[in-house]
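User: I would like to go through this model term by term, asking what stands behind each label.

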Amino acid sequence: MVNRLRGGKIPAFSDPETKRAQFEAAALPFTGRLYSAARRLTGSDDDAADLVQDTFLRAYRTFENFQPGTNCRAWLFTILYSIFLNERTRHRPTLLSAEQLDTVAAADRELAPGESPWSLEVERALRRLPTAFRAAVLLVDVEELSYEEAAAAAGCLVGTLRSRLFRGRKLLGAMLRDHAREAGFPPPTKTSE
Amino acid sequence: MNDNHRFDEELQDLLDGRLEEPARSEIAAHVTRCPRCREELAALERARAAARGLPPLAEPADLALRIASVLDAEDRASAPGPTRRRLAHRWPLVAAGLIAAAVLVALLLRPSATADLPAAVGRDFAGYRDARLALELRTGDPAALERFFAARGIAFPTRVFDLGMMRYRLAGGRVHRVAGRPSALFAYTGPNAAPLICEMYGGSLAELPRAAEQRVHDGITFRVYRVGRMTLVFWQEGTVVCVLASEGNTDEVVQLAYAKAVKV
């Protein structure tokens, strides 16, 4: 995104109504995806809603920095993750222990109607990943951003993102394998590509 | 580094299609020969597939309203004219203005005229719904309607909101009267052409009768009344009382009020 913004700001909007209309058209369609990511980052419905609300407010204030035609979703995720990290640093200066994370994971959301119990196990395993690894998996695998977009969103180099993603996937795979073994069934071997 | 440890993150590069030739062919050939790397690649692919298979999570029903509300507040804060931010630097003038307005409001308040404000607003809603109360300006442009109210002598700043995100389209407005005092009345058309009106008038929540329900949101008190099938939600903004009236679901009307209200 840095490169994208290096091209310069777009001209200021001619009037507030134009800005509002363009912002709503460009950004609001991603509300659901931002909420999903926020929920998976924070582990809380209320915190996720607050995070999404703050993300849209900051995005709106800096909408002049967004270049039409570029990936608005990636830009929004950059803002969201930045606010998440800042809030987390301010309110939760110490890392949660594995036991605490277990508690958070156990208190996680309930199964939605028609949803596979397996996806809840994936959610739970994802929640137990260290934040940086979880963010990498969320941004690349769940939200399907490119490595470059995900690195910009996470505020790190592409190489760092690649390492975090690798370690996140390895941990996630190990947790799911262990769970599947304990539960007595093999994890789905869904393949893609 | 022995052969078993030659490839690590490169397996992920292979999986994600991020390798160019000849590295791609070299690593792919290695994977066919090396059981450990084959298993490693399969494990990465399983983890990726598991994450990719996660469904989107249902967002809270009021999230869109919350977002609209903060964007509205931001619009108001950055609008030209005497915004709260600018007024903060001119607080003596503001204080004098507020005192004058309070005196004016006190003079205007007559118990007989304010005895049943919810019923009065309910009658206005029914009048608009039944086409007995005509709009003087038909417009979907909130700014145009605000200019209209100012030109027609409404003394307080009116805030006409675009509730389009909540699927309510501005239809227009008229200068009206509530309890003997001027009001800015504006109307919206919601889903299934359901009407919604908003009225703003100088006054105080203290004039209202006891409410069936009182809610507090973001530090603002909302009084909720039912008049027949109508829901009326009143709240205070400075020296102005705002009310929304509709025959829609009570919670929906309250949520619209939350979206519109601003603490002054």
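User: What share of the residues in chain B is buried, and what makes a residue count as buried?

Analyst: In this predicted model, buried residues make up 35% of the 264 residues in chain B. A residue is counted as buried if 20 or more other C-beta atoms lie within 10 Å of its own. Chain B has 10 helices and 8 strands, and among its contacts between residues at least 6 apart in sequence, 57% join residues at least 24 apart.

User: Why is helix 9 of chain A called mostly covered?

Analyst: Of the 8 residues in helix 9 of chain A, 6 are buried, and these are E149(A), A150(A), A151(A), A152(A), A153(A) and A154(A). Just after helix 9 of chain A comes G155(A), which takes a positive phi of about 70°.

User: Why are helix 8 of chain A and helix 9 of chain A called oblique to each other?

Analyst: These two helices pack at an angle of about 140°, with their axes 9 Å apart. Angles over 145 degrees count as roughly antiparallel and those from 65 to 115 as roughly perpendicular, and helix 8 of chain A and helix 9 of chain A are therefore oblique to each other. Their crossing is right-handed.

User: Which residues meet where helix 8 of chain A packs with helix 9 of chain A, and how do they divide by class?

Analyst: On the side of helix 8 of chain A, A135(A), A136(A), L139(A) and V140(A) meet Y147(A), A150(A), A153(A) and A154(A) in helix 9 of chain A. The residues of this contact divide into 8 nonpolar, no polar and no charged, with Ala, Val, Leu and Tyr among the types that count as nonpolar.

User: How many residues of chain A are in contact with chain B, and which elements of chain A give two or more of them?

Analyst: In the model, 39 residues of chain A are in contact with 30 residues of chain B, a contact requiring C-beta atoms within 7 Å. The elements of chain A that give two or more residues to this side are helix 2, helix 3, helix 4, helix 7, helix 8 and helix 10. By class, the side of chain A that touches chain B has 17 nonpolar, 10 polar and 12 charged residues.

User: Where does pLDDT stay under 50 in chain B, and what are the overall scores?

Analyst: Over residues 108-113 of chain B, pLDDT stays under 50, and the model has 8 contacts beyond four places in sequence for them. Where pLDDT is low, the predicted coordinates should not be read in detail. Chain B averages a pLDDT of 83, with 84% of the residues scoring at least 70, while the model scores ipTM 0.79 and pTM 0.55.

Notes
Residues are numbered from 1 along each chain as its sequence is written. Chains are lettered from A and ligands numbered from 1 in the order in which they are written. This is a predicted model: local features need pLDDT of at least 70, side-chain atom pairs count only at pLDDT 80 or more; totals for chains, interfaces and linings use all residues. Helices (H or I, at least four residues) and strands (E, at least two) are DSSP runs, numbered from the N terminus. A residue is buried if 20 or more other C-beta atoms lie within 10 Å of its own, exposed if 12 or fewer, and partly exposed in between; C-beta atoms are placed from the backbone. Axes are lines fitted to C-alpha atoms, for helices over the stretch in contact, and angles run from 0 to 180 degrees between N-to-C directions. Angles under 35 degrees count as roughly parallel, over 145 as roughly antiparallel, 65 to 115 as roughly perpendicular and the rest as oblique. A crossing is left-handed if the near helix is turned anticlockwise from the far one by less than a right angle, and right-handed if clockwise. pLDDT is the predictor's confidence in each residue, from 0 to 100.
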